[in-house]
Amino acid sequence: MIRSGRLPAGPDDVVIDQATADQHGIAIGDQVEIAAARGVATYTVVGLSGLGNADGFGGATVVAWDLPTAMDVLETDGMIDGVDIVLADGASAEEVTTWLQSVIAPTMEVVTGEQLAEETKDAVGTIIGYIQSGLLAFAFITLFVATFIINNTFAITIGQRMRELALLRAIGASGKQVKRLIVREAMILAAIASVIGIAAGFGVSRLLIWIFNRAGAGFPGTESIIKPRTVIIALAVGLGVTFASVIVPSRKAAKIPPVAAMRARSSDSRR
């Protein structure tokens, strides 16, 4: 799709993608050097292109010539890899596909836009699957480390609140009540932290898209989708990991004897 300028119409004309032009400060009318099969040549930029509402083509630099120039520059020996066809209003894709298949050589293939989109989606999905597996592995490692950090944090804070918890025991609180108090505090903190984490994750995703687009990745400008399932899983994991981490410290807190409230406070008042 031509964003600005015009299509190439001669051996000295070239069209480049908008993202590359923005990245290198190229404007319509500038001279650019392009390396191709027959060597490096200088062309005049007569137009800037994009893909849908994206300025780039997945991070690739795209150049376009008119057909004779492209075949000469790329040394295709008169061969063409593919042809894009736009249907007229009211035309049937199935009828056009059937007719084309009957008039082209048997070695050629005719595919509709929907078929091409499915093939591209499957290829991209395979790559994303590998990335997703790596991110999930990293997430499990992070959860494992977070469990120990949360456990140590509550163990330290409970040790610092020894007199407070012992005083609760002294005025009649049972060990189960103290345990429930610690668990309840942990769940409240976990819920707040999980909500903040979901919001931060959304912000990080938008930041990553912005960074990749600045590098010319050309992600489409669609809105991010947060499914209810994502929120539920995030909350469940946050609460579950915290609950598992606080079980041992809460049991220790339940065993604090009431007499500990009458012990002398330590002279070390550092946080």
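Predicted model: local features only at pLDDT ≥ 70, side-chain atom pairs only at ≥ 80, totals over all residues.
Let's start at Glu-33, which is exposed, with a relative accessible area of 64%. Residues are numbered from 1 along each chain as its sequence is written, and side-chain values use heavy atoms, with hydrogens and water left out.

Back to Glu-33, which sits in strand β3 (residues 31–36). Strands (E, at least two residues) and helices (H or I, at least four) are DSSP runs, numbered from the N terminus. Leaving aside neighbours within four places in sequence, Glu-33 is in contact (heavy atoms within 4.5 Å) with Val-40, Ala-41 and Thr-42. Its C-alpha atom is separated by 6.4 Å from that of Tyr-43, 10 residues apart along the chain.

Now follow the chain to the loop between α2 (67–73) and α3, where you'll find Glu-75. Asp-77 lies in the loop between α2 and α3 too. Yet Glu-75, not a glycine, has a positive phi of about 50°, and Asp-77, not a glycine either, has a positive phi of about 55°. As for the surface, Glu-75 is partly exposed at 46%, whereas Asp-77 is exposed at 73%.

Next up is helix α7, residues 228–254. It has 27 residues and reaches 37 Å from its first C-alpha to its last, close to the 39 Å expected at 1.5 Å a residue (that expected span is 1.5 Å times one less than the number of residues). The helix bends by about 40° at Ile-247, and a proline, Pro-249, follows within four residues. The bend is the angle between axes fitted to the seven residues ending there and the seven starting there.

Which parts of the model do the buried residues of α7 pack against? They pack against α4, α5 (162–170) and α6 (175–214). Two of these buried residues are Val-241 and Thr-242. Thr-242 counts as buried because its relative accessibility is 8%. Not counting residues up to four places away in sequence, Thr-242 touches Ile-150, Ala-186, Met-187 and Ala-190. The C-alpha atoms of Val-241 and Ile-150 are separated by 8.6 Å, though they are 91 residues apart along the chain.

Last stop: the second largest pocket, with about 940 Å³ of space. Of the 23 residues that line this pocket, the closest to its centre are Val-83, Asp-84, Ile-85, Glu-109 and Val-111. On a 1 Å grid over the protein atoms alone, a pocket is an open set of points where a 1.4 Å probe fits, with protein on both sides within 12 Å along at least five of seven lines, and lining residues have an atom within 4 Å of a point. Grid points are joined across faces, edges and corners, and the volume is the space filled by probe spheres set on the points. Helices α3 (93–103) and α4 (113–160) each supply at least two residues of the lining. The lining divides into 15 nonpolar, four polar and four charged residues. Here Ala, Val, Leu, Ile, Met, Phe, Trp, Tyr, Cys and Pro count as nonpolar, Asp, Glu, Lys and Arg as charged, and the others, Gly among them, as polar.

Notes: Buried < 20%, exposed > 50% of the residue type's maximum accessible area, 1.4 Å probe, protein only.
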